[in-house]
Structure formats: C-alpha cells, structure tokens
Amino acid sequence: MTLWKLLFKLIGTEPISDLKWVFLFWSLHLFSDTNFSLNRIKKMRLILFVISAMALFLSELNSTVHAQQSEWSLALHGGAGVISKDLPDSMKQLYYEGLEEALSTGEEILSEGGSALEAVEMTVRSLEDNPLFNAGRGAVYTSEGTHELDAAIMDGSTLAAGAITGVTTIKNPISLARNVMTDSRHVLFSGAGAETFAEQTGVERVDNSYYNTKHRYEQWMRAQQQSNLKKEETIRGLCRTLNLFSSPFVVSPHCAQTDVILSAAKRSRNTSGISKPSIPDEYKYGTVGAVALDKDGNLAAATSTGGMTNKRFGRVGDVPIIGSGTFANHVAAISATGWGEQIMKNVSANTIANYMEFNDSTLEEAMDFVLTERLNPGDAGFIGVDFKGNISMQMNTVGMFRGSIDSHGKRTVMIWENE
Ligand code: ASP
C-alpha cells in the first residue's frame with residue numbers, strides 16, 4: 001500500500017477515482033478495436049464485465065486504504081519544558097499514571113462514538129483535577145501569590161470556539177470555556193466578566209486557595225528569589241553608573257550602603273530553608289491540552305493552563321487566544337504548550353493548520369516548520385491530529401508530558417524524545 005500511496009503522491013492524483021477512468025478508457029479502447037473478433041453483443045457484455053470487475057477491484061482497494069486510517073484518534077499533553085531526566089522514578093510514575101488516566105477518559109468517549117468535543121473537554125478535565133499539572137488544581141502562582149487561569153476549546157466542524165482568561169474561582173476552566181462557546185454569542189470572556197458568566201451557567205466554583213499546592217508554592221518562591229536577584233543586580237548597576245557620572249573615582253556612600261543591604265538580603269534568602277525542588281526550577285512552563293478526531297470525522301481541540309509561574313497581574317498567554325495556543329478546523333486540531341508570548345506572536349496553532357492546507361503538507365511537516373522556522377529552540381511543544389486521524393506530538397524543548405491513542409489501539413505515553 002505504501003507503494004500505491006507514493007505513486008499517487010508522485011503523479012499528484014486523487015487515489016482510485018482518477019485511476020478508474022484510466023482503466024475504463026483503456027478497456028473501451030481495447031474492445032472498440034475493429035480487429036477484435038467478437039460480435040457486437042458479446043463485445044458489449046465483455047465491456048460491462050470488465051467495468052464491473054474494475055469497479056469491484058477498485059472499491060476493494062479503496063476500502064483497504066480507508067481501513068488503514070484511524071476511525072478516531074486522541075492526543076494529549078501535560079506541558080513542555082526543561083524536564084530533567086533526573087526526575088525521581090516515583091514522580092515519573094505519577095506523571096505516567098496521570099496521563100494514562102486522562103487518555104482512558106477520552107478513549108472511552110471516542111470508542112463509544114462520542115464527539116471529539118466531549119472527548120477533549122473530559123480529557124482536559126481529568127488533567128485539570130490532577131495537582132501535578134499546571135491547570136485547574138495544580139495551577140501556578142502569579143507574582144501576587146494568587147492564581148489566574150486560562151482555557152479555550154474549539155470545534156473544528158463549525159469553527160465554534162469558547163475561551164476564558166484570568167479566572168480565579170473556576171474548578172474546571174475548560175468547562176466554562178465550553179459554556180462560552182455554547183451559551184453565549186461571544187468567544188472570549190475575561191476576569192470579572194468571566195466570573196459573572198460562570199455564576200449564570202452554574203459551573204463548579206472554588207475558593208482561590210483550592211489551587212494552593214506545596215510544590216507550586218516552592219516553585220513560586222524560587223521564581224521570586226530569582227527575579228528579586230535580577231532586580232537587585234539592576235539597582236546595583238544603576239547606582240554605580242550614576243555614581244560614575246558624578247564622581248568617577250569615588251564609590252558614593254549610597255552605593256556602598258546599597259551593596260551592604262542587598263548582600264544581607266541575599267544571605268538571609270540562602271538560609272531561608274526552602275526544601276529541594278520536587279519539580280525542577282527550569283520547568284517553568286506547563287499547561288494541559290487534548291486534540292481529537294471522532295468517528296463522524298469531526299476534529300476538536302482544548303487547552304487549559306495556570307499560565308507561567310510568577311506572571312504579572314492580568315497577563316494573558318497563548319492558550320485562550322484562538323489560533324495561538326488552541327485551534328481546530330476541518331484539516332487539523334492543535335494544542336500548544338510553552339512560552340506563551342512566543343507561541344502567540346507566531347499564531348502558532350493556526351499556522352500549523354494553514355501550512356498543511358496551503359502547502360498540501362502533512363501534520364508532521366507543518367508542526368516541524370513552526371517549531372524550527374518560526375520558534376526558537378526551547379520555546380514550545382504541540383500536539384495535533386488531522387482529518388485522517390494521523391497524530392503528531394513534537395517539541396523543541398527537552399521534554400513534553402504527552403500521550404496518544406487511536407482506534408487501532410496504538411497507545412503511547414512519553415516525557416522525553418525517543419522513549
Ligand atoms: N503556554 C502557557 C502560557 O504561556 C504556559 C505553558 O504552556 O506552559 O500561559
């Protein structure tokens with residue numbers, strides 16, 4: 001079959017349908033040859049026979065091609081970034097279990113003929129309820145020590161989409177995003193407006209402290225220390241530069257005083273006793289997402305996140321921006337994770353789908369293009385499924401928590417490259 005497909009690709013024709021006409025033309029030509037020694041009626045019968053045999057053969061071939069495509073497919077991610085290979089086995093196990101559980105949730109829906117939309121929402125809900133992932137319960141801390149969550153969902157069959165940003169009391173932001181899509185005339189609600197909308201639609205609410213987890217708190221503390229350190233270095237540098245202008249040879253008492261205060265602050269931080277990180281410091285990203293193709297041939301994508309650790313007030317990332325972190329149409333469904341600002345500037349998820357459509361490329365090629373030609377190493381990871389059920393999960397980061405399953409029963413769960 002691979003040879004067939006290669007041949008079709010080379011001659012650029014739609015498989016089967018065009019070849020059918022070639023065969024038909026050829027048999028008509030053969031039997032209309034005047035030297036062919038059969039009477040007219042027999043000739044006609046033979047022609048009909050050849051055509052039916054041809055049709056049968058070709059429809060067989062056609063269904064073999066289709067049988068190779070997946071009836072339904074699902075892929076998910078739990079965030080990309082610098083995920084240390086030194087992650088303790090016990091932690092690794094917990095991540096794998098969380099991914100497996102979410103995969104099974106989506107698998108059950110799709111294998112029973114449920115919609116792609118339902119599958120991606122429920123898969124993401126499962127990840128949102130797991131404190132390990134940066135979404136829902138495990139959302140990261142903002143610079144103010146609170147939690148602001150974003151989510152988006154998109155139905156590829158209609159281009160209907162719903163998103164919310166900066167919510168603080170929603171247990172499962174992805175379900176509120178779905179409500180925006182189905183119960184409002186709008187696509188994106190933010191902050192207080194999104195909370196008011198939540199009241200009207202009756203999704204489950206929680207206190208902001210619901211998202212407080214020890215590992216995220218420690219991660220936030222370390223992020224704060226790092227950013228304070230940077231601020232201090234800037235102050236120190238500024239003080240010395242100003243001092244140079246006023247008196248190049250004498251260090252002003254102000255600068256000397258600043259140095260003493262900053263060094264004391266640094267010393268006290270180093271002895272503040274923050275325990276060893278359970279999640280590596282460099283793993284500053286995180287987000288969850290799911291993409292699916294259902295038995296009816298519809299595609300859907302969903303993404304949910306707490307954003308980036310220590311983000312400033314009101315910061316909006318790529319996730320709720322339709323086309324950036326989340327996108328689905330008739331060609332592909334994509335969900336992104338990584339540095340939101342970079343993903344957004346390249347309208348990444350939409351670019352992948354458009355690249356496929358406009359260049360007649362595979363999902364694999366389109367994703368690779370965005371990761372290598374548009375983004376920088378270490379920026380992002382994507383999961384996608386196309387209208388034929390092909391799955392692609394790629395990243396230019398060290399790792400990405402991810403998994404996939406299709407109707408042929410092919411199941412994968414991975415964190416790093418080449419596992
Ligand atoms: N892309 C998310 C954001 O920037 C974070 C992530 O995926 O890790 O909000």
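This is a predicted model: local features need pLDDT of at least 70, side-chain atom pairs count only at pLDDT 80 or more; totals for chains, interfaces and linings use all residues.

Trainee: OK, how many helices and strands does the protein have?

Mentor: The secondary structure comes to twelve helices and twelve strands.

Trainee: And how much of the protein counts as buried?

Mentor: 49% of the 419 residues do. As for the surface, the protein exposes about 20,700 Å², with 58% of that supplied by carbon and sulfur atoms.

Trainee: What share of the contacts comes from residues 24 or more positions apart?

Mentor: They account for 68% of the contacts with a separation of 6 or more.

Trainee: On to the rings, then. How many aromatic pairs are there?

Mentor: The count is nine aromatic pairs. One of them joins tyrosine 141 and tryptophan 220, which are stacked, with 5.3 Å from centre to centre and 10° between the planes.

Trainee: Where do those two sit in the chain?

Mentor: In distant parts of it, 79 residues apart. Tyrosine 141 is in the loop between helix H5 (116-128) and strand E2 (149-155), while tryptophan 220 belongs to helix H8 (residues 214-246).

Trainee: Are tyrosine 141 and tryptophan 220 buried or exposed?

Mentor: Both are buried.

Trainee: Which residues do ring pairs link into a cluster?

Mentor: Tyr95, Phe133 and Phe401.

Trainee: Last one: what sits over the ring of tyrosine 210?

Mentor: That's the charged end of arginine 137, 5.3 Å from the ring centre.

Methods:
Residues are numbered from 1 along each chain as its sequence is written. Side-chain values use heavy atoms; hydrogens and water are left out. Rings of Phe, Tyr and Trp (its six-membered ring) pair if their centres lie within 6.5 Å; planes under 30 degrees apart count as stacked, over 60 as edge-to-face and the rest as tilted. Helices (H or I, at least four residues) and strands (E, at least two) are DSSP runs, numbered from the N terminus. Buried means under 20% relative accessible area, exposed over 50%, partly exposed in between (1.4 Å probe, protein chains only). A charge sits over a ring if NZ of Lys or CZ of Arg is within 6 Å of the ring centre and within 35 degrees of the ring normal. Contact means heavy atoms within 4.5 Å. Accessible areas come from the Shrake-Rupley method with a 1.4 Å probe; for residues, only the protein chains shown count as cover.
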